[in-house]
Amino acid sequence: MTLTLLRLALAGIRSRLLATTLTILITAAAAATLVIALEVRASGVDPWQRTFQAAHGAHVLAIVPSLDDAHTVAALPGVAERDDPVPSAVGAASIGGHSERLEFAGLDGRPAINAPVRIEGASQPGSGIVLERSFADALHIAVGATIGVPTPTGVLSLTVVGTAVSPSQPRYPRHNPGLGWVSRDTLARVQPDQSRWVWTQPVRLSDPAAAPGFADAAAAALPRPRPRPVGMP
């Protein structure tokens, strides 16, 4: 597999030599991103490990441009558990008179794998939004506040009904944009053009240690992007 990016990060936990978990983000030629959770010293007491357990974390998250690509990854050999892919789109949120980029993940109920772990308020967005905790903390957004979200039909007001954390989401602003969970209906209002959605397919593997090989197989199974004609941006 030809890699265009290989980055190691500590999935939101502080850097140290004896980290219990590494997160590897791999962007392949297929324009998909694979997030692999590799447990290297599972002590069971690390904050990230507790979050991973509470979320029933994914061993691999494939972030792909189409629903068909997500289904391709979910059907690969080695998958022990799969969940429905989660669509998302990047938009903006108006907070305190200024705008911040925000990724909106559209949920249909609580995910079975890689579920957001409630910190404060509601665990499900309903008609509002659940913000990732580090994003809410950095911008001093309290549960009960209202944010404005530009949409093609005007500004949508969303009440912040809760905060949560995810084992696959690095802390804001190290990772930008921030993340918010909304209902699928709200996502469709924020970004009605579904061709601009991306899809996150979470899977758990029969052998978690095989995650790097699974990532290679997933990248090989996904279609490669068509070459752009000369002169196109």
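Pro 177 sits in the loop between E11 and E12, and I begin there. In this predicted model, a cis peptide bond joins Asn 176 and Pro 177, with omega about 20 degrees. Pro 173 has its place in the loop between strand E11, residues 154–165, and strand E12, residues 178–183. The peptide bond leading from Tyr 172 to Pro 173 is cis as well, with omega near 5 degrees. As background, most peptide bonds are trans, and most residues other than glycine have a negative phi.

Let me stay with Tyr 172. Is this residue buried or exposed? Tyr 172 has a relative accessible area of 10%, and because the limit for buried is under 20%, Tyr 172 counts as buried. Ser 134 belongs to helix H3, which covers residues 133–138. With residues up to four places away in sequence set aside, Ser 134 touches Arg 171 and Tyr 172. The side chain of Ser 134 also makes a polar contact, at 2.4 Å, with the side chain of Glu 132. Ser 134 is itself buried, at 2% relative accessibility.

I turn now to the aromatic pairs, of which the count comes to three. In one of them, the ring centres of Phe 135 and Tyr 172 are 4.9 Å apart and the planes stand at 75 degrees, so this pair is edge-to-face. What does the pair tie together? Phe 135 lies in helix H3 and Tyr 172 in the loop between E11 and E12, so the pair links parts that are 37 residues apart in sequence. Phe 135 is buried, at 0% relative accessibility. Trp 197 and Trp 199 form another aromatic pair, a tilted one, with 5.9 Å from centre to centre and 55 degrees between the planes. Both Trp 197 and Trp 199 are buried.

His 56 is a residue other than glycine, yet its phi is positive, near 50 degrees. His 56 lies in the loop between helix H1, residues 47–55, and strand E4, residues 60–64. With a relative accessible area of 28%, His 56 is partly exposed. Asn 114, also not a glycine, has a positive phi near 60 degrees. Asn 114 is placed in the loop between strand E7, residues 98–107, and strand E8, residues 117–121. At 14% relative accessibility, Asn 114 counts as buried.

Which residues of the largest nonpolar core touch the most other members? They are Phe 104, Ile 129, Ile 147 and Phe 214, in a core of 35 residues. Beyond its neighbours within four places in sequence, Ile 129 is in contact with several residues, including Leu 102, Phe 104, Ile 147, Leu 158, Val 160 and Trp 181. Another core lies apart from the largest one; it has seven residues, among them Val 86, Val 130, Ala 164 and Leu 179.

I close with the chain as a whole. The protein chain has five helices and 13 strands. Of its 233 residues, 48% are buried. The chain exposes about 11500 Å², and carbon and sulfur atoms supply 54% of that area. Among contacts between residues at least 6 apart in sequence, 68% join residues at least 24 apart.

Technical notes
Residues are numbered from 1 along each chain as its sequence is written. This is a predicted model: local features need pLDDT of at least 70, side-chain atom pairs count only at pLDDT 80 or more; totals for chains, interfaces and linings use all residues. Side-chain values use heavy atoms; hydrogens and water are left out. Helices (H or I, at least four residues) and strands (E, at least two) are DSSP runs, numbered from the N terminus. Buried means under 20% relative accessible area, exposed over 50%, partly exposed in between (1.4 Å probe, protein chains only). Contact means heavy atoms within 4.5 Å. Accessible areas come from the Shrake-Rupley method with a 1.4 Å probe; for residues, only the protein chains shown count as cover. A nonpolar core is a set of buried Ala, Val, Leu, Ile, Met, Phe, Trp, Tyr and Cys residues joined through side-chain atoms within 4.5 Å. A polar contact is a pair of N or O atoms within 3.5 Å; within protein, one must be able to donate a hydrogen and the other to accept it, and residues adjacent in sequence count only if both atoms are side-chain atoms. Rings of Phe, Tyr and Trp (its six-membered ring) pair if their centres lie within 6.5 Å; planes under 30 degrees apart count as stacked, over 60 as edge-to-face and the rest as tilted.
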